[in-house]
Protein chains: 2
Amino acid sequence: MPAKKALILTADNFEDSELLCPMYRLLEAGYAVDVAAPAAGKVRGKHGYEVAAGLAISELTPAAAKDYALLLLPGGKAPEAVRTIPQALELAKAFDAAKKPIAAICHGPQTLISAGIMKGRTATAYKTVQPELTEAGAKTQDKEVVVDHNLVTSRQPGDIPAFNREMMRLLGA
Amino acid sequence: MPAKKALILTADNFEDSELLCPMYRLLEAGYAVDVAAPAAGKVRGKHGYEVAAGLAISELTPAAAKDYALLLLPGGKAPEAVRTIPQALELAKAFDAAKKPIAAICHGPQTLISAGIMKGRTATAYKTVQPELTEAGAKTQDKEVVVDHNLVTSRQPGDIPAFNREMMRLLGA
């Protein structure tokens with residue numbers, strides 16, 4: 001049994017509601033949440049919300065995946081930064097190899113594309129990211145939420161109700 | 001059985017996360033959500049999020065309470081406007097008289113104070129609103145969430161996980 005603990009990978013200019021609402025949903029259900037960013041400290045969303053990042057992504061090894069029940073990848077401009085960090089990609093690969101839940105919304109799936117784990121997967125993403133997803137070998141669907149085994153993906157803030165519902169279902173909550 | 005439908009009373013300069021996260025939580029659980037504001041149209045949060053208000057508060061009569069399972073009062077500067085609208089106060093009174101769930105966070109309880117229904121109730125609110133709550137005759141507690149029969153109150157965005165949990169519990173969800 002993994003700990004009731006989730007890991008968020010993000011950076012400045014995250015889409016505020018896509019980080020806050022799923023994070024609050026996990027906390028509501030009794031999950032602890034760790035936030036990792038390019039540097040430990042505060043990250044600031046596009047709308048000005050600040051969130052404390054307790055961890056630097058570069059400190060995380062793929063072995064960290066065993067400490068968490070879920071990897072959460074919010075959107076905004078943050079994934080543009082997160083996807084350039086090798087440790088983020090190794091970690092995403094480790095979650096997926098262990099068939100652990102991964103929930104990615106909006107631009108969040110970009111990190112999974114850079115990790116090279118989207119080939120043959122059914123998924124969605126923000127509309128401008130959908131072509132990139134298809135190019136990476138995914139079966140892209142334009143739906144509020146797509147579940148493919150351990151992977152939950154959504155397109156945008158308005159999809160959060162469906163995204164959170166399927167994320168919690170995958171956690172068996 | 002009331003419909004699975006919730007009513008949000010708000011206005012411009014709402015606290016974005018306090019409206020969005022509980023609204024998304026209700027939608028996740030299959031509730032329809034109506035948003036009412038001083039005028040029908042768009043309302044804009046302090047952080048710039050826009051939400052469509054389908055109803056003008058002045059159109060609502062106290063009888064509308066029977067159409068909803070929950071009254072939700074988010075915070076920010078919105079309650080300063082909402083509390084000046086007589087129909088908002090009559091509606092809050094109607095929800096409370098019918099012992100229907102009311103969830104108010106941050107400055108949201110100001111509307112309940114103006115409605116004159118806080119005397120003898122145990123509740124919380126944003127720290128600067130707590131003295132006003134006490135003056136209105138409430139037993140004020142400085143806690144992340146306070147439940148008093150049909151009434152759930154919280155202080156601030158960081159309390160949303162507890163606020164949503166108790167709101168959903170009150171709805172029997």
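**Note on the predicted two-chain model**

1. Confidence. In this predicted model, chain A has an average pLDDT of 97, and 99% of its residues score at least 70. For the complex, the predictor gives an ipTM of 0.97 and a pTM of 0.97.

2. Relation of the two chains. Chain A is superposed on chain B by a rotation of 180° with 0.0 Å of shift along the axis, at an RMSD of 0.0 Å. The two copies are thus related as by a two-fold rotation axis. The same surface serves both copies, since 100% of the contact residues of chain A recur in chain B.

3. Extent and make-up of the interface. The contact between the chains involves 15 residues of chain A and 15 residues of chain B. On the side of chain A that touches chain B, helices α1 (16-28) and α6 (160-170) of chain A each supply at least two residues. The most is given by α1(A), with eight residues. Sorted by class, that side of chain A holds seven nonpolar, four polar and four charged residues.

4. Packing of α6(A) on α1(B). The axes of α6(A) and α1(B) lie 8 Å apart, and the two helices pack at an angle of about 65°. The crossing of α6(A) past α1(B) is right-handed. From α6(A), the contact draws on A:Ile160, A:Pro161, A:Asn164 and A:Arg165; from α1(B), it draws on B:Tyr24, B:Leu27 and B:Glu28. Four of the residues in this contact of α6(A) with α1(B) are nonpolar, one is polar and two are charged.

5. Packing of α1(A) on α6(B). Which angle do α1(A) and α6(B) make where they pack? The angle is about 65°, and the axes of α1(A) and α6(B) are 8 Å apart. Here too the handedness can be stated: α1(A) passes α6(B) in a right-handed crossing. On the α1(A) side, A:Tyr24, A:Leu27 and A:Glu28 take part, and they meet B:Ile160, B:Pro161, B:Asn164 and B:Arg165 of α6(B). The contact of α1(A) with α6(B) comprises four nonpolar residues, one polar residue and two charged residues.

6. Packing within chain B. Helix α1 (residues 16-28) and helix α6 (residues 160-170) of chain B also pair with each other: their axes come within 10 Å and cross at roughly 40°. The helices α1(B) and α6(B) are therefore oblique to each other. Their crossing is right-handed. In α1(B), the residues concerned are B:Ser17, B:Glu18, B:Cys21, B:Pro22 and B:Arg25, which meet B:Ile160, B:Phe163, B:Asn164, B:Met167 and B:Met168 in α6(B). By class, the contact of α1(B) with α6(B) has six nonpolar, two polar and two charged residues.

Conventions. Residues numbered from 1 in each chain as written. Chains lettered and ligands numbered in written order. Predicted model: local features only at pLDDT ≥ 70, side-chain atom pairs only at ≥ 80, totals over all residues. Least-squares fit on C-alpha atoms with pLDDT ≥ 70 in both. Contact = placed C-beta atoms within 7 Å. pLDDT = per-residue confidence, 0-100. Axes fitted to C-alpha atoms, helices over the stretch in contact; angles between N-to-C directions. Helix = DSSP H or I, 4+ residues; strand = E, 2+ residues; numbered from the N terminus. Parallel < 35°, antiparallel > 145°, perpendicular 65-115°, else oblique. Left-handed = near helix turned anticlockwise from the far one by under 90°. Nonpolar A, V, L, I, M, F, W, Y, C, P; charged D, E, K, R; others polar.
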